[in-house]
Amino acid sequence: MATKTSPYGLGVTVSLDHDAAVERTRQALSSEGFGVLTEIDLSGAFRAKLGVDFRQYTILGACNPALAHQAVSIDRDIGLLLPCNIIVYQTDEPGTSVVAALDPVEVLSLAGNDAISPMAAEVRGRLERVLHALAGAPPGGAE
């Protein structure tokens with residue numbers, strides 16, 4: 001089950017290595033109508049730009065086009081708060097990863113526009129279902 005990982009995030013720990021967790025996250029997002037627009041290999045960037053080794057850490061920028069269109073139709077500047085960021089990183093325990101999502105209710109409240117609230121709640125519900133599906137992923141990434 002997804003838990004509050006911070007004042008602005010929801011997450012789960014899964015029994016999957018990093019690469020399997022990223023793939024499963026993409027699949028679960030797709031099942032809830034999200035596409036991944038961006039993928040940032042943060043550990044690779046740290047290695048290339050700073051010469052620093054860091055645990056595998058990926059940021060996925062996910063978007064549900066219908067809901068994003070609805071949001072920017074209400075508030076054109078809401079795009080500053082999009083897409084939904086999902087992080088996947090390896091833990092200190094081999095074969096285990098964390099998948100966490102930015103809480104859209106928290107972040108979209110910055111807009112101060114009550115018309116956005118129902119969409120934020122819908123997006124949060126979808127992301128919670130994504131995290132719940134991932135929490136039920138079989139150990140080791142087996143199908």
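Student: Which pattern does the protein chain follow when read along the sequence?
Tutor: The model is predicted, and its protein chain contains five helices and six strands. Taken in sequence order, these elements give the pattern β-β-α-β-α-β-α-β-β-α-α.

Student: What radius of gyration does the protein chain have, and why does it agree with that of a compact globule?
Tutor: The C-alpha atoms fill a box of roughly 45 × 35 × 25 Å along the principal axes. For 143 residues, a compact globule would have a radius of gyration near 15 Å, so the protein chain agrees with its value of 15 Å.

Student: How many of the residues of strand 4 are buried?
Tutor: Across the protein chain, 39% of the 143 residues count as buried. In strand 4, residues 57-63, one side carries Tyr57, Ile59, Gly61 and Cys63 and the other carries Thr58, Leu60 and Ala62, and all of these are buried. Strand 4 is thus mostly covered, and the number of its buried residues is seven of seven.

Student: Which residue of strand 4 is the bridge partner of Ile40?
Tutor: Strand 3, residues 35-41, pairs with strand 4 in the antiparallel sense over six bridges. Within strand 4, the bridge partner of Ile40 is Ile59.

Student: Which residue in strand 5 does Gly61 stand opposite?
Tutor: Strand 4 and strand 5, residues 84-90, run antiparallel and are joined by six bridges. In strand 5, the residue opposite Gly61 is Asn85.

Student: What is the geometry of the aromatic pair of Phe46 and Phe54?
Tutor: The count of aromatic pairs comes to three. For Phe46 and Phe54, the ring centres are 5.4 Å apart and the planes stand at 85 degrees, a geometry that is edge-to-face.

Student: Why is the pair of Phe54 and Tyr57 tilted?
Tutor: Phe54 is partly exposed, with a relative accessible area of 38%. The ring centres of Phe54 and Tyr57 lie 6.1 Å apart. Planes under 30 degrees apart would count as stacked and those over 60 as edge-to-face. The pair is tilted because its planes are at 50 degrees.

Student: Which residues do ring pairs link into a cluster?
Tutor: One of the pairs joins Phe46 to Phe54, and another joins Phe54 to Tyr57. The cluster linked by ring pairs consists of Phe46, Phe54, Tyr57 and Tyr89.

Student: How far apart in space are Gly44 and Phe54?
Tutor: Gly44 lies in helix 2, residues 42-50, and is buried with a relative accessible area of 16%. Gly44 and Phe54 are ten residues apart in sequence, and their C-alpha to C-alpha separation is 8.2 Å.

Student: Which elements give two or more residues to the lining of the largest pocket?
Tutor: The largest pocket has a volume of about 220 Å³. Its lining includes Thr5, Ser6, Asn85, Ile87, Ala100 and Leu102. The elements that contribute two or more lining residues are strand 1 (3-6), strand 5 and strand 6 (97-102).

Student: How many residues of the lining of the largest pocket are nonpolar?
Tutor: Among the lining residues are Ile59 and Tyr89. The lining has no charged residues and four polar ones, while the number of nonpolar residues is seven.

Methods:
Residues are numbered from 1 along each chain as its sequence is written. This is a predicted model: local features need pLDDT of at least 70, side-chain atom pairs count only at pLDDT 80 or more; totals for chains, interfaces and linings use all residues. Side-chain values use heavy atoms; hydrogens and water are left out. Helices (H or I, at least four residues) and strands (E, at least two) are DSSP runs, numbered from the N terminus. Buried means under 20% relative accessible area, exposed over 50%, partly exposed in between (1.4 Å probe, protein chains only). Two strands pair if DSSP finds at least two bridges between them. Rings of Phe, Tyr and Trp (its six-membered ring) pair if their centres lie within 6.5 Å; planes under 30 degrees apart count as stacked, over 60 as edge-to-face and the rest as tilted. On a 1 Å grid over the protein atoms alone, a cavity is a set of points where a 1.4 Å probe fits but cannot get out, and a pocket is an open set with protein on both sides within 12 Å along at least five of seven lines; lining residues have an atom within 4 Å of a point. Grid points are joined across faces, edges and corners, and a volume is the space filled by probe spheres set on the points. Ala, Val, Leu, Ile, Met, Phe, Trp, Tyr, Cys and Pro count as nonpolar, Asp, Glu, Lys and Arg as charged, and the others, Gly among them, as polar. The radius of gyration is taken over C-alpha atoms; the globule rule is 2.2 Å times the number of residues to the power 0.38.
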